[in-house]
Amino acid sequence: MVIQCPFKEMRSYLTEIEQRFGLQQWAEQQEGFALHYDDQGLSLRKIDEPKLGAITVDFVTGAAAHRRKFGGGKGQSIAKAVGLNKGATPVVLDATAGLGRDGFVLASLGCKVILHERHPVVAALLYDGLQRAYDDIEIGPWMRENMSLVFGSSHTLLSQCVSTPDVVYLDPMFPHREKSALVKKEMRVFQELVGADTDADDLLDFAYPLASKRVVVKRPDYAPFLNDKTPSMQIKTKKNRFDVYVKAAMI
């Protein structure tokens with residue numbers, strides 16, 4: 001058993017997750033992390049830094065619920081970046097889904113979002129969060145309609161896509177500046193768990209031919225353009241920016 005759980009009745013569900021995402025193979029290759037399931041759902045802990053707490057995916061309560069209700073709706077920068085407006089609710093392929101937060105924002109605004117995630121643990125956390133969201137009385141109906149997960153590397157999945165999304169969204173891991181030592185707990189855990197996306201530049205070449213309307217790349221404000229390609233336009237926030245590659249404007 002890779003996932004520790006005090007509830008015997010959850011064992012079949014957790015065994016399914018372990019098998020679906022190959023968690024036994026992952027567990028045999030690492031020692032620094034532990035997966036646990038309780039009444040809050042599936043969580044990940046860094047064993048040697050217990051003060052960092054647990055990482056879990058929760059679309060129903062907490063920060064996700066607050067952002068859905070009070071985050072600014074279609075006026076948010078990410079909504080503008082993907083071209084969401086009164087006349088359009090694009091189909092978005094989130095090719096680097098992570099914990100699914102950006103995808104959830106877009107799904108809550110009416111977009112149909114397909115999530116790609118290649119790391120087995122991150123995908124398992126995301127899958128469990130989705131199952132609990134699908135079962136929620138309030139958000140379950142539109143979550144089932146608008147948000148789905150495909151496990152695997154976008155480097156492979158993008159080349160195999162048979163349907164054409166309006167937008168391909170990329171948010172690859174980018175190393176934090178060294179002076180920013182006390183980064184968020186999740187980023188510290190993720191940097192050790194997943195590492196940097198050293199092959200992220202290649203994704204733009206896969207993504208651009210696939211998207212029918214645009215590719216959107218989320219970057220820290222200090223990061224270079226993905227694959228050194230200048231975007232058609234930019235939408236900037238306090239710490240990040242969205243580089244937008246509009247199909248008609250691509251050189």
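## Overall size and make-up

A compact globule of 251 residues would have a radius of gyration near 18 Å, and the protein agrees, because its own value is 18 Å. That radius is taken over C-alpha atoms, and the globule rule is 2.2 Å times the number of residues to the power 0.38. Along the principal axes, the C-alpha trace spans about 55 × 40 × 35 Å.

The model is predicted: local features need pLDDT of at least 70, side-chain atom pairs count only at pLDDT 80 or more, and totals for chains, interfaces and linings use all residues. Residues are numbered from 1 along each chain as its sequence is written, and side-chain values use heavy atoms, with hydrogens and water left out.

## Secondary structure and contacts

The protein has 10 helices and 11 strands. Helices (H or I, at least four residues) and strands (E, at least two) are DSSP runs, numbered from the N terminus.

Contact here means heavy atoms within 4.5 Å. Take the contacts between residues at least 6 apart in sequence: 64% of them join residues at least 24 apart.

## Surface and charge

The accessible surface comes to about 12,900 Å². Carbon and sulfur atoms hold 52% of that surface. Areas come from the Shrake-Rupley method with a 1.4 Å probe; for residues, only the protein chains shown count as cover.

Of the 251 residues, 47% count as buried. Buried means under 20% relative accessible area, exposed means over 50%, and partly exposed lies in between (1.4 Å probe, protein chains only).

There are 32 positive and 31 negative charges, and their mean positions are 8 Å apart. Lys and Arg count as positive, Asp and Glu as negative; His and the chain ends are not counted. Each charge is placed at NZ of Lys, CZ of Arg, CG of Asp or CD of Glu.

## The nonpolar cores

A nonpolar core is a set of buried Ala, Val, Leu, Ile, Met, Phe, Trp, Tyr and Cys residues joined through side-chain atoms within 4.5 Å. The largest one has 57 residues. Ile17, Leu23, Leu35, Phe59 and Met143 have the most contacts inside it. Helix α6 (residues 120-134) gives the most to this core, with 10 residues. A second, separate core has 16 residues, including Ala95, Leu158, Leu170 and Ala200.

Met143 sits in helix α7 (residues 140-146). Met143 counts as buried because its relative accessibility is 0%. Leaving aside neighbours within four places in sequence, Met143 is in contact with Phe59, Phe104, Leu130, Ala133 and Tyr134. Ser232 is 89 residues from Met143 along the chain, and their C-alpha atoms are separated by 31 Å.

Asp243 belongs to strand β11 (residues 240-246). Its relative accessible area is 0%, so Asp243 is buried. Not counting residues up to four places away in sequence, Asp243 touches Val215, Val216, Val217, Arg219, Phe225, Pro231, Met233 and Gln234. Gly100 is 143 residues from Asp243 along the chain; 19 Å separates their C-alpha atoms.

His155 lies in helix α8 (residues 154-160). With a relative accessible area of 16%, His155 is buried. Beyond residues up to four places away in sequence, His155 touches Arg118, Asp199, Asp202, Leu203 and Phe206.

## Exposed and partly exposed sites

Glu28 is part of helix α2 (residues 23-28). A relative accessible area of 60% makes Glu28 exposed. Glu28 and Tyr222 are 194 residues apart along the chain, with 37 Å between their C-alpha atoms.

Asp58 is in the loop between β4 (55-56) and α3 (62-70). Asp58 counts as partly exposed, at 29% relative accessibility. Not counting residues up to four places away in sequence, Asp58 touches Ala64 and Arg132. Leu115 is 57 residues from Asp58 in sequence and 16 Å from it in space, C-alpha to C-alpha.

## A loop with positive phi values

Most residues other than glycine have a negative phi. Asn227 is not a glycine, yet its phi is positive, at about 55 degrees. Asn227 lies in the loop between β9 (214-220) and β10 (233-236). At 24% relative accessibility, Asn227 counts as partly exposed.

Asp228 is also found in the loop between β9 and β10. Phi of Asp228 is positive too, near 60 degrees. Asp228 counts as exposed, because its relative accessibility is 68%.
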